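Student: I have a structure to read and some terms to learn. Please take me through how such terms are decided.

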Amino acid sequence: MLALLAFAMVFVFMAMIMTKRLSALAALILVPAAFGVIAGHAAGLGPMMLEGVKDLAPTGIMLLFAILYFGIMIDAGLFDPLVARIVRIVGDDPVKILVGTAALALIVSIDGDGATTYMITAAAMAPLYRSLRLDMRKMACVIIMAAAVTNLLPWGGPTARAASALKLDPAVVFTPLIPAMAACAAWVLFTAYVFGRQEKARLARLGAEETVLADADTVEEATAAILEADRTRDPSTLRPRLVWVNFALTAALMAALVMGLMPLPILFILAFAAALMINYPALGEQRRRIAANAGNAVAVVSLIFAAGCFMGVLSGTGMGEAMANAVSGAIPPQLGPFMAPITALVSMPFTFLISNDAFYFGVLPTLAQAAATYGVPVEAVARASLVGQQIHLLSPLVASTYLLVGLSGIELGEHQRFTFPWALAACAVMLVAAMATGAFPLMAG
């Protein structure tokens, strides 16, 4: 009964946001609250939600200061030379722009942090997309798919969770997946190519007046055109003389993120304070820059804490555990030898419906235990469990996804509807490639 209620809660939640009956913020709070009461946990609803908010507090703090930090970098013009250089390379060719976006996201996301990838890549590319009137949904799609590939690196999160849950060395889980990841990266670049062809055809139908950068012959002209297209920019905030200082600070921040020198929230707090002092030493300027970027920060962080309410109810009422048990118990014994690909298929909806922590520490051990009775190696199950990460990043429970849609200027439901078929195809590519390269078998024996 509890599992049925849990699935109903997730269904109602998704229906509310995808049909735009409720905003994601309201749905993340009201839907779990209503189902928590229906489940008979009205008295404990407050502590459950508060516990969920506490669990996501570090993520919320990190995103708050990360948005403020990159907001300062954008205001100061750190990414303008990069955007102008990309303009010179890709011109006004949508194919090159989309493929370049995918390649940039694949490179930037090597640090394993989706939020950082979205902020850097979207900050660099969004003005170009807007100036050329390109479809922002396609930008968001290729960026999130690229991030899902490199998110499987051992320091990215899912691989470490799978290895920890099954007591395996992360290298044992990760290394055999490299060919499958390469195949998935190739699919991302192919998707970007297809999008670019589509946009090129669309712009050809609309006419030359839809573009503003076609005749930009120099870096200065390209930068000026981009700034003209992005009318929210205030030229007085630019700090061209501090470009290399800001670049060094950002590079140091990225290195510290990869090396894990400090917790992410602390790194971004320190980096934000340094960036603010370096670029805008006057107190009045600091207040204006914080106020200018506060709207983006509040919009994203409020959704993070609302997602904490949802997760708190899911965990506190036992709905998450009931869902895991329901799925595990629904697998017929005759399918036991196929547990590796079954785990891969199960990972797609489950990492969308519940958090990675809930799946890898709650569901995966049960699946691995069942697979072991049929002779399926535990490390094969661990690798198979990572196939669904392309779908996972579309989940409304993934905090960084709200950042991407915010930077892209699109709605979460719109992003999910557009990206889902391409992400599902990426999962299929990875599943086939993983079995073909021996990362896990089709069946035991």
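Tutor: This is a predicted model, in which local features need pLDDT of at least 70, side-chain atom pairs count only at pLDDT 80 or more, and totals for chains, interfaces and linings use all residues. Residues are numbered from 1 along each chain as its sequence is written, and side-chain values use heavy atoms, with hydrogens and water left out.

Student: Why is Cys 427 called buried?

Tutor: Buried means under 20% relative accessible area, exposed over 50%, and partly exposed in between (1.4 Å probe, protein chains only). Cys 427 has 0%, so the residue is buried. Cys 309, with 13%, is therefore buried too. Of the 445 residues of the chain, 54% count as buried.

Student: What makes Leu 261 exposed?

Tutor: Its relative accessible area is 56%, which is over the 50% mark, so Leu 261 counts as exposed.

Student: Where is Leu 261 found?

Tutor: Leu 261 sits in the loop between helix H12 (243-259) and helix H13 (264-279). Helices (H or I, at least four residues) and strands (E, at least two) are DSSP runs, numbered from the N terminus. The chain has 21 helices and 0 strands.
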